[in-house]
Amino acid sequence: MKIRALIAVLLFAVAGASVAQVRKVVRTEQKYAVNRDGSFVLENPTGNIEIVGADIPHIEAKIAMIFVAADESALQDAQRHAEIVTGGDEKTRRVRPVVGPRKGWNVTMHWNVRVPKTINVRVTSEWSDRIRVNNILGNVYVKNFNGNVSLDNVTAATFAESVNGSIIYSTPRPRGNVVLSTVNGHVTASVAANADFRWIAETGMGDIRTNLPARGAFIGTTFRGSVNAPGGPTITTHSLMGNIHLLASGSSATSSASLRSMPAIIVTPMRSGGSPSMTSQASTGPRVLRRGTINGLFTYATNIGDVRVQEIRGNTEIFTGAGEVVLGAVTGSASVKSDGGPLQLGEILGTLTASTRAGDILVDSTRRGGTIETRGGTIRLLYTSGPTRLLSGGGDITVRQAAAPVNAETASGDIAITLDPLSKSEKIDAKTGKGNVILTISPTFRADIDATIVTSNPEADTIASDLPGLSISREQVAGKTRVRATGKINGGGEKITLSATDGDIRITAGRVGPTVVKPR
Amino acid sequence: MPECSAVRESMPLLLTESLDAARREQSHEHIESCTLCGREWSGYKETWSLMGELPEVEVPARVKQQFLQRAGIVATPVVDNVVPFHRRQSFKWIAQAAAVVVLVGGSYFLGDRNADRITPQVARIESVTPMQQVAYKPLAIAETRVVDAQSISPEIEGRPNITNVQCVDCDASDGEIGVSFELTSRWTVTGKPTEKSMVRLLSYMIENEESMTPRSSAMEWVRTTYSDPAYADPQIADALAKVLRNDSHEGVRIRAVETLTNLPPAVATQTRDALIDALKSDPNPAVRLKAVEALANMARSGATLDADTVNTLRQKSLQGDENMYVRVKAAEALKSIKLQ
C-alpha cells in the first residue's frame, strides 16, 4: 500500500512538473550557398542529424528547434538566446547553433539537410540518437559522443568516430580510405562482395566476423588483411568493447564466420626490425638480406642466403642458390627464384614468376597471375585475378580464390581450387599424378566439364558433382579403370579439364571463406 | 384508541424526558386514565431501571461505524490507507505442531520401552569370497561383429543404410535365428585428444589411405591438435612415421613430415629412424628438407642423436647431387647436435 501511495505521489509530481514545463517546437528552413567542390561543416551539440546528398546547387536545411522551459518567460528567454549562426564562405560553409546562458530552459536542434552530393561533409555532435549521412561523393567526417552513426553510400575518404554508439557503414565500392572507430559500440561495414580493399580490424573484447573472402594475419588483437584483389583503399574498423562485422552487401550477419576461431595456415614469420640495407650472417644459418621498404627496381642474387624484404615499390628480380625468400608486397612484377628453399610472397600487383627446386611456396595474391613452380613442395595461392600456372614436382596445390584461368599440375598430391564466387566461367586445368582434385564453384558457374580419373580401385575412387549435367563412362586401360565424366553445367561455358590418378574428383558448390595466416 | 397508540409511541421520549411540556402533561393524564397504557408505561419504567443497573459495554468501533453508516449518520470514510488486520494463525499452528510432537514422542517412548533388546556383539569376518569381475567390454570399432539380439535396443534410430542382408540359422535345433548385413552409419566419437581410444582411432585413420579425403587437410588438423605439448602422443607420432615411410602420395608425406616437425621433440624423437630414411631416400626434395628440419629441431631441443643420425646428416651435407638448401639445413642441424 505504501508503494502504491509512493507511485501515486511520484506520478503526481511528474505530471505536475510536466504541466509546469513549457515545450515549444520552432521549425525553420534555411538555404546556404556553397561551391560544388566545397565543404559543409555542421557543429550541433545536441540533436539528430540527417544529411543527404542530392543534385542541387546549394544547401537546404530544415531545422526543428525544440525548446523546453520552466515557464513562459523562460521560454521567451530561450527563444531570444538560441539562434543558428552561419559562417565561412562558399568554399567552406560553417553552420552551428549559438545558445546563450540557459536559465531554466533547454534547446535541442534536429537537422534534416540536403546538400550537393559532391561536397565534403563534416559533422560534430555530442548527444544525438543518430547521425545519418547518405549519398555523398566527397569526404565525410563524423564525430559523435553518444548515439549511432549511419553512413550510406559515402564513397570517398570517410572517418566516423563514436564513444557510446555503434557505427554502420554501407557503401558498395569505397574509393577512399575508411576509418570507423567506437569505444563501446559495434562496427558493421557492408561492401560489395567483389570490392577490392585492405582491411584492418581491431577489437579488445569483441569478435571479428566476416562473410567475405578476407585473407590476412593477426598481430595481437589486430587483424590485417585484404579482401579480393590486392590493393585498393583501406577500411579500418576499431571497437574496444564491441564486435566488428564486415559483410557482403545485402547479406546477413548470421552467415559470417569468426576470424579468431578459424584454423590458420602456419607460416614462417616475417621478421621485422632490420635496418634498410642490412645483410647479416645469422648465428645458425646462411647470410640473410633484410630490407624494409625499397623504392624502385630491386635486383638481388646470392649463392646461399635468405632474402626478407617488407615492401618493394617497383619491379624485382631475386635469386638465391639456397635459401628462403620472404617478400611482403611488390607493386610491380616479381621474379623470384631459389634453387632450394621455401618462398613466402605477399601481395604482388604485377606478374609473378616464382620457382624453387625444393620447398613450399605460399603466395598471398597475384593481381596479374603468373607462374608458380616447385620441384617438390606444397603450393598455396590465396588469391589470383590473372591467368596463373602452378606446377609441383610433388606436393599439394591449393588455390583459395581464383578469379581468372588456372592451370595446376602436380606429380603427386591433391589439387584444390576454389573459384571466385562472382566468376561466371573460367578456364581451369587441374591434373595430378596421384591424388584428388577438388573444384569448388558457385552454384551458377557455367562450364564444359571434362573430368577423368584413372584408378586401380574404381570402387573407392569416384567422380562426384554437386551440379547436374554430367554423364559418366568407364573403360579399361592397361589394367586400370578410366572413369570419365563430361557435360555442361548451367548451360556450358569455359572448358574445365580435371584429371586424377588413384584419387577422387569432386566438383562442389560452395563459397570462399576467410583465410587466416598465422606465423609459426 | 388512536390516542393510546400515539401515547405508546411517545413513551420512549417520555421516558428520556425529551417531550415538550404540553405533550408530556397530556401523555401522563392519558396513562393515569387508561389501564392498558398504564401497564405499558410501568413496563417501560421497569425495563429502563433494569438497564441502568447493567454494566456499560463499549460497542466495537467497526460495528459502531457500520451501524452509523447504515443509519446514514456518518459518511463512508476513505480506508485505503488502512491495512486490514487479519488475525494471525501462528498460535493455532504452534498448538498443532506441539500436539504432533507429543503424539510422536509418546509413541516412540512407549514403543522403545516395550521393544526386545539385542545384546551388542563384536563383528567378525568368517570368510572372504572374491568379488565376481563384472564383464564390461567397451564398444569396439570393428570390421565384423556378432552381437546378441538382447544387447541391441529394439529402437532403430533414423534410417540407417542396411545392405547385403543374409538370413542365417546355423543350428535349427536351438530355436534361434541370425541375420547378417552391412550397415552404413555415421559415427561421431567425442573425447579428449589424449584419450587412448581417440588416439588409436586417429592413428588408424592416418595410416589408412581411404579413410580420410582429402588426407592432407585431415593431416593438417592432426598437426594443429597434436602439436600442442599437452596432447602430444607417441602413437600419433608412430602413425605419422608409417605414413612418411609408406605412403605413395607425396602431398601426404609432406604433411606427415611437417606434422612430425611440429610435434614436441620428446614425442617426435622415437620417429627418428623414419626421418633418417626419408632424408636418405625420399624422392621429394620437400620431404627431405622437412625431415632435416625435424632432425635439426630435435638437436636444438637438446635431444641426443645417435651416431647413425649424425652420419646421415654428415653424408647429406656433403652429398654433391643433393639440393644445396637441404645440404645447408643438414649442416645447420649438425651445428646443434649433442653427441651420445
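I'll start with two helices in chain B: B:Leu275, B:Ala278 and B:Leu279 in helix 11 meet B:Val287, B:Arg288, B:Ala291, B:Val292, B:Ala294 and B:Leu295 in helix 12. By class, the residues of that contact are eight nonpolar, no polar and one charged. Keep in mind that this is a predicted model.

Now the geometry of the pair. Helix 11 of chain B covers residues 272–281 and helix 12 of chain B covers residues 285–300; their axes come within 8 Å and cross at roughly 140°. Helix 11 of chain B is therefore oblique to helix 12 of chain B. The crossing of these two helices is left-handed.

Next, the contact between the chains. Chain A contributes 33 residues and chain B contributes 22 residues. On the side of chain A that touches chain B, there are nine nonpolar, 16 polar and eight charged residues.

One residue in chain A for a closer look: A:Arg209, which sits in strand 17, residues 208–210. Is A:Arg209 buried or exposed? A:Arg209 counts as buried, because it has 22 C-beta neighbours inside 10 Å, and the cut-off for buried is 20 or more. Beyond four places in sequence, A:Arg209 is in contact with A:Asn243, A:His245, A:Ser256, A:Ala257, A:Ser258 and A:Leu259. Take A:Asn243 from that list: it is 34 residues from A:Arg209 along the chain, and the two C-alpha atoms are separated by 7.9 Å.

Last, confidence. Chain A has an average pLDDT of 89, with 92% of the residues scoring at least 70. Over residues 270–284 of chain A, pLDDT stays under 50. For that stretch the model has 19 contacts beyond four places in sequence.

Conventions:
Residues are numbered from 1 along each chain as its sequence is written. Chains are lettered from A and ligands numbered from 1 in the order in which they are written. This is a predicted model: local features need pLDDT of at least 70, side-chain atom pairs count only at pLDDT 80 or more; totals for chains, interfaces and linings use all residues. Two residues are in contact if their C-beta atoms, placed from the backbone, lie within 7 Å. Ala, Val, Leu, Ile, Met, Phe, Trp, Tyr, Cys and Pro count as nonpolar, Asp, Glu, Lys and Arg as charged, and the others, Gly among them, as polar. pLDDT is the predictor's confidence in each residue, from 0 to 100. Helices (H or I, at least four residues) and strands (E, at least two) are DSSP runs, numbered from the N terminus. A residue is buried if 20 or more other C-beta atoms lie within 10 Å of its own, exposed if 12 or fewer, and partly exposed in between; C-beta atoms are placed from the backbone. Axes are lines fitted to C-alpha atoms, for helices over the stretch in contact, and angles run from 0 to 180 degrees between N-to-C directions. Angles under 35 degrees count as roughly parallel, over 145 as roughly antiparallel, 65 to 115 as roughly perpendicular and the rest as oblique. A crossing is left-handed if the near helix is turned anticlockwise from the far one by less than a right angle, and right-handed if clockwise.
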